[in-house]
Number of protein chains: 2
Amino acid sequence: VSEERDGLVIVYTGDGKGKTTAALGIVVRALGRRLPVAVVQFVKGQRKTGEGLFAEGLAGLDFRTLGEGFTNRGPSPEVHAAAARAGWEEARELVSAGRHRVVVLDELTYVLNYGWVELAEVLAVLAARPRATTVVVTGRNAPQGLVDAADLVTEMRCVKHPYMRGVPALPGVDL
Amino acid sequence: VSEERDGLVIVYTGDGKGKTTAALGIVVRALGRRLPVAVVQFVKGQRKTGEGLFAEGLAGLDFRTLGEGFTNRGPSPEVHAAAARAGWEEARELVSAGRHRVVVLDELTYVLNYGWVELAEVLAVLAARPRATTVVVTGRNAPQGLVDAADLVTEMRCVKHPYMRGVPALPGVDL
């Protein structure tokens, strides 16, 4: 695909399942069209996910898992904050450099909502990005300023969830 | 992954973007864990999508595009109905055979809502499927009976969409 159309800012938010997976679907579409893609997963921790395993060695995909994971037994808030800041510095460089046509910032909203990165800083980076770059942000409770700045916003609303009846996450589906 | 957990019936519905892409994200997760996956795309027509291009030659993924596409200038309702029926027969075989751990029935709800396939027939096939098989159904206006039968239902709610301001679909992102 040689045509250079303006990219979009896409936000997948809400309490339902499907935010990260929808971002991964865009990754698949872009890779299918041989467009370079970067994925930054904030706060997923170091556990291997299905998508991380899939990404290993896949041409055209720069996949990075950052953060320290969300767990009650996990590291201190200071460690989370430092990891989130470092992740954002990487993400900012990826968004600004224009090497990728799609950059996914998975669960960036948590980083914003915890106050680890300033919304104004993120909005400035999005506004100044190369025109052809599409950025996909996922996570619950997207800040209103991010919604306002986005071209496409979908709220994933939880209608029914197996966790409600005690079914644990299923490898290959949920992670 | 050798552990055989019970699969889920997952429904992604609603008027927002992200239903098909969320299903594709599950595909990525499953493939990352080396689980065999089948995708049946109903009513997308024969135009090449990013996901279809990506799927070509990908090990472990059985990707099928069925139907005649949704277009005002398209074929007659009878042609649509026959294509949908034929697609459902393939899908039924895939779900029932147990060769795949994840089977995506993309936009099956349209086929149901147009009355081309009976809901009761689909529910019977889902109920009788091999236990380890996860089935993901996407499309707007999921029938209540399907929601009732599902383990996980997310409604993708459109908050903001660039089509609203006349931006056409973007290859590598929307298709």
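Start with both chains on screen: chain A can be laid on chain B with an RMSD of 0.0 Å, by a turn of 180° and a shift of 0.0 Å along the axis. That is the relation of a two-fold axis. The superposition is by least squares on the C-alpha atoms of residues with pLDDT of at least 70 in both copies. This is a predicted model, in which local features need pLDDT of at least 70 and side-chain atom pairs count only at pLDDT 80 or more, while totals for chains, interfaces and linings use all residues. Residues are numbered from 1 along each chain as its sequence is written, chains are lettered from A in the order in which they are written, and side-chain values use heavy atoms, with hydrogens and water left out.

Next, select A:Ala22. Of the residues of chain A, A:Ala22 comes closest to the rotation axis, with its C-alpha at 1.8 Å.

Now show the interface, where contact means heavy atoms within 4.5 Å. Of the interface residues of chain A, 100% are also interface residues in chain B, so the copies meet through the same surface.

Turn to the salt bridges (a side-chain nitrogen of Lys or Arg within 4 Å of a carboxyl oxygen of Asp or Glu).

Select A:Asp6 and A:Arg131, whose side chains meet in a salt bridge at 2.7 Å, N to O. The pair links distant parts of the chain, 125 residues apart: A:Asp6 lies in the segment before strand S1 (9–13) of chain A, and A:Arg131 in the loop between helix H5 (119–127) and strand S5 (134–138). Helices (H or I, at least four residues) and strands (E, at least two) are DSSP runs, numbered from the N terminus. A:Asp6 is partly exposed, with a relative accessible area of 39%, whereas A:Arg131 is exposed at 62%. Buried means under 20% relative accessible area, exposed over 50%, and partly exposed in between (1.4 Å probe, protein chains only).

Switch to chain B and select B:Asp6 with B:Arg131. These two form a salt bridge, their closest N and O atoms being 2.7 Å apart. B:Asp6 is partly exposed at 39%, and B:Arg131 is exposed at 63%.

Stay in chain B for B:Arg64 and B:Glu90, which meet in a salt bridge of 2.6 Å, N to O. B:Arg64 is in strand S3 (residues 61–65) and B:Glu90 in helix H3 (residues 77–97), 26 residues apart. Both are partly exposed, B:Arg64 at 22% and B:Glu90 at 31%.

Finish in chain A with A:Arg85, A:Glu89, A:Arg92 and A:Glu121, joined into one network by salt bridges that share partners.
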